[in-house]
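Please look over the chain shown below before reading on. The notes that follow are grouped by topic, so that each can be checked against the coordinates as you go.

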Amino acid sequence: HLKRQFETCLMDTYKNGNRVVFVDEVYGLLSELKMHKTILALVNRGSGAGAGLWYATQRPAGTQQGGGLPGPLFNSPSHYFLGRDSVEANRKIFSQISGLDSRMVENELANLRTHPIQTPHGVKAVSEWLYLCKDNGSACCITPW
């Protein structure tokens, strides 16, 4: 039932255009709901129909082993918001796809600070973000508040 609802929404966006859909944790739609065809259609051909897909994921897990996220989800975006990542392999992937100086990107990701934030569920660590724009080759750090 959940897959059908997401499929309807995403295909309506693809067919009718003039909108952008935001998917939080695209990995769930791909690995759990098996929506590769629909997601890749929006990523690869959606802009020609006036449709866009903004998506978030925790990290590039699975891309090296063939499972998880397909390559176009990492190398087709124009804008990236990346949080601190202590895993060197993840930082390398992000630096390679950014189109910017890979050493600078790796260094910035390794050195982003985290801040304790009080939430209704207790204290959570929130990372600063590194914003990368492939269109003009710029980068900047954004704090969580």
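**Briefing on the predicted model**

Phe22 is exposed, because its relative accessible area of 52% lies over the 50% that marks an exposed residue.

- Phe22 belongs to strand 1, which covers residues 19-24.

**Nonpolar core**

- In soluble globular proteins, nonpolar side chains tend to be buried together.
- In this model the largest nonpolar core contains 26 residues, and Leu10, Ile39 and Leu53 are the ones with the most contacts inside it.

- Glu128 sits in the loop that runs between strand 5 (122-127) and strand 6 (129-133).
- Glu128 counts as buried because its relative accessibility of 4% is under the 20% cut-off.
- Which side chain is joined to that of Glu128 by a polar contact of 2.8 Å? The partner is Arg113, and a further polar contact, at 3.5 Å, links the side chain of Glu128 with the side chain of His115.

- Lys134 lies in the loop between strand 6 and strand 7, the latter spanning residues 138-142.
- With a relative accessible area of 30%, Lys134 is partly exposed, because this value falls between the 20% and 50% limits.
- Leaving out residues up to four places away in sequence, Lys134 touches Asn75, Pro77, Ser78, Tyr80, Ile97 and Ser98.
- Lys134 and Val23 are 111 residues apart along the chain, and 21 Å separates their C-alpha atoms.

**Helix 5**

- Within helix 5, which spans residues 88-97, the buried residues are Asn90, Arg91, Ile93, Phe94, Ser95 and Ile97; Ile97 is also one of the residues that Lys134 touches.
- The cover over the buried residues of helix 5 includes helix 4 (72-75), strand 3 (79-83) and helix 6 (102-111).
- After helix 5 comes Gly99, which has a positive phi, near 80°.

Terms used:
Residues are numbered from 1 along each chain as its sequence is written. This is a predicted model: local features need pLDDT of at least 70, side-chain atom pairs count only at pLDDT 80 or more; totals for chains, interfaces and linings use all residues. Side-chain values use heavy atoms; hydrogens and water are left out. Helices (H or I, at least four residues) and strands (E, at least two) are DSSP runs, numbered from the N terminus. Buried means under 20% relative accessible area, exposed over 50%, partly exposed in between (1.4 Å probe, protein chains only). A nonpolar core is a set of buried Ala, Val, Leu, Ile, Met, Phe, Trp, Tyr and Cys residues joined through side-chain atoms within 4.5 Å. A polar contact is a pair of N or O atoms within 3.5 Å; within protein, one must be able to donate a hydrogen and the other to accept it, and residues adjacent in sequence count only if both atoms are side-chain atoms. Contact means heavy atoms within 4.5 Å.
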